[in-house]
Amino acid sequence: MKTAAAYIRVSTEEQLEFSPDSQLKRIEEYARAHDMRLPDEYIYLDEGFSGRKAQNHPAFLRMIAEAKRKPRPFDVILLWKFSRFARNRQDSILYKSMLRRECGIDVLSITEQLSGDPTSILIEALLEAMDEYYSINLAEEVRRGMNEKFSRGGVVSVPPFGYRMENGHFAPDPARTSVVSMIYEDFLNGSSCRAIARKLNERDIRTTRGNPFEPRAVRYILSNPVYTGKLRRNVQGEMNLVPGGHQPLISESTFQKVQAKLSESGATHIPLPVPSAFLFQGLVRCSCCGGALTRSSRTGALQCCRYAKGTCPQSHYLSIQELEATTLHTVKQDLADTGEAFALLYASVPEIR
């Protein structure tokens with residue numbers, strides 16, 4: 001009796017005829033009819049993972065890794081259709097060839113069964129090409145539909161901070177609208193993005209995804225025209241703006257003042273060199289939040305990495321020279337009573353003298 005594995009993939013919840021349960025039921029029926037064992041541990045499911053690349057399907061990669069074990073754990077992989085295995089001909093050829101030649105494992109579609117004659121090679125290649133064409137064409141149709149919806153002021157993204165979804169449109173979120181106004185006011189009054197992020201974190205205000213605020217998240221809010229009642233989308237490499245059907249939270253004049261100030265701060269920014277590695281890299285920690293103290297490219301001193309992101313209230317500025325001197329002094333004291341060992345170290349490392 002052969003041992004079989006089952007690979008099941010669905011991209012969206014709307015694919016009812018290709019639902020996980022219906023795919024598995026048909027595969028189990030096929031396995032019983034062809035005298036195959038199908039252990040539960042060899043049933044692999046990728047549910048809700050879209051995309052044409054195998055790297056985007058964790059269960060698929062886990063199945064391939066399992067298939068490489070010696071002795072081989074199963075003899076055949078059963079699919080509902082070949083399109084469930086891969087929508088990319090390159091991936092399909094690569095993994096099928098590897099499984100068959102290196103692992104001795106066949107890949108079979110229970111609804112697209114092929115004969116053993118050479119003609120089946122052409123048929124399988126044709127099926128793979130059709131699957132890839134369908135996937136590419138579907139992506140283009142979806143993109144075209146989203147661009148058309150956007151051009152009419154329709155929502156094609158998740159609501160940003162300060163809004164919620166209501167009847168297919170953005171609606172002000174009463175709990176966060178005042179926060180958006182505060183961010184714009186504080187910035188115009190001279191607060192930096194870092195200071196604003198720290199203020200939000202101190203008040204336990206989180207981003208839409210529930211994460212602490214960082215300066216870049218604040219800057220994104222400050223530069224997003226959605227708060228003036230517009231929508232933006234990258235269409236064929238160009239950023240397009242259209243009027244949205246939602247209520248503005250910020251006036252156009254306030255938004256333009258903020259953009260001018262953001263441009264000024266960006267124009268005066270000078271890229272700094274990447275700091276080089278140092279002796280205590282990754283070893284020195286912030287006593288306030290536990291984050292690593294990293295080397296500043298501006299001053300060369302150590303500072304809490306989370307302070308730079310606005311998630312730690314203390315900078316813990318520390319000179320590397322001071323840290324090295326203190327460390328070497330401590331080492332010298334610890335080794336002072338070791339006699340010969342200290343003498344050798346003293347002679348070979350001039351810095352501790």
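Let's start with helix H2. Ala59, Phe60, Met63, Ile64 and Ala67 are the buried residues to look at in H2. Where do the buried residues of H2 fall, seen down its axis? They fall within an arc of 140°, so they line one face of the helix. Keep in mind that this is a predicted model.

Now the aromatics. There are seven aromatic pairs in the structure. One of them is Tyr7 with Phe60. A pair of aromatic rings is described by the distance of the centres and the angle of the planes. For Tyr7 and Phe60, the centres are 5.4 Å apart and the planes are at 70°. That pair is edge-to-face. Which parts of the chain does the pair link? Tyr7 sits in strand E1, residues 2–10. Phe60 sits in helix H2, residues 58–67.

Next pair: Phe161 and Phe213. This one is edge-to-face, with 5.5 Å centre to centre and 85° between the planes. It also links distant parts of the chain, 52 residues apart. Phe161 is in the loop between helix H5 (119–151) and strand E6 (163–166). Phe213 is in the loop between helix H7 (193–202) and helix H8 (215–222). Phe161 and Phe213 are buried.

There is also an aromatic cluster. Tyr163, Phe170, Tyr184 and Tyr227 make it up.

On to helix packing. Two packed helices are described by the angle between their axes and the distance between the axes. Take H7 and H8. Their axes are 8 Å apart, at an angle of about 105°. H7 and H8 are therefore roughly perpendicular to each other. Which residues make the contact? From H7, they are Cys193, Arg194, Ile196, Ala197 and Leu200. From H8, they are Pro215, Val218, Arg219 and Leu222.

H8 also packs with helix H6, residues 177–188. Here the angle is about 100°, and the axes are 10 Å apart. H6 and H8 are therefore roughly perpendicular to each other. H6 brings Ile183, Tyr184 and Phe187 to the contact. H8 brings Val218, Ile221 and Leu222.

Look at two of those H6 residues again. Tyr184 belongs to the aromatic cluster. Phe187 has the charged end of Lys261 over its ring, 5.1 Å from the ring centre.

How values were computed
Residues numbered from 1 in each chain as written. Predicted model: local features only at pLDDT ≥ 70, side-chain atom pairs only at ≥ 80, totals over all residues. Heavy atoms only, no water. Phe/Tyr/Trp six-rings, centres within 6.5 Å; stacked < 30°, edge-to-face > 60°. Helix = DSSP H or I, 4+ residues; strand = E, 2+ residues; numbered from the N terminus. Buried < 20%, exposed > 50% of the residue type's maximum accessible area, 1.4 Å probe, protein only. Lys NZ or Arg CZ within 6 Å of the ring centre and 35° of its normal. Arc of directions from axis to C-beta. Axes fitted to C-alpha atoms, helices over the stretch in contact; angles between N-to-C directions. Parallel < 35°, antiparallel > 145°, perpendicular 65-115°, else oblique. Contact = heavy atoms within 4.5 Å.
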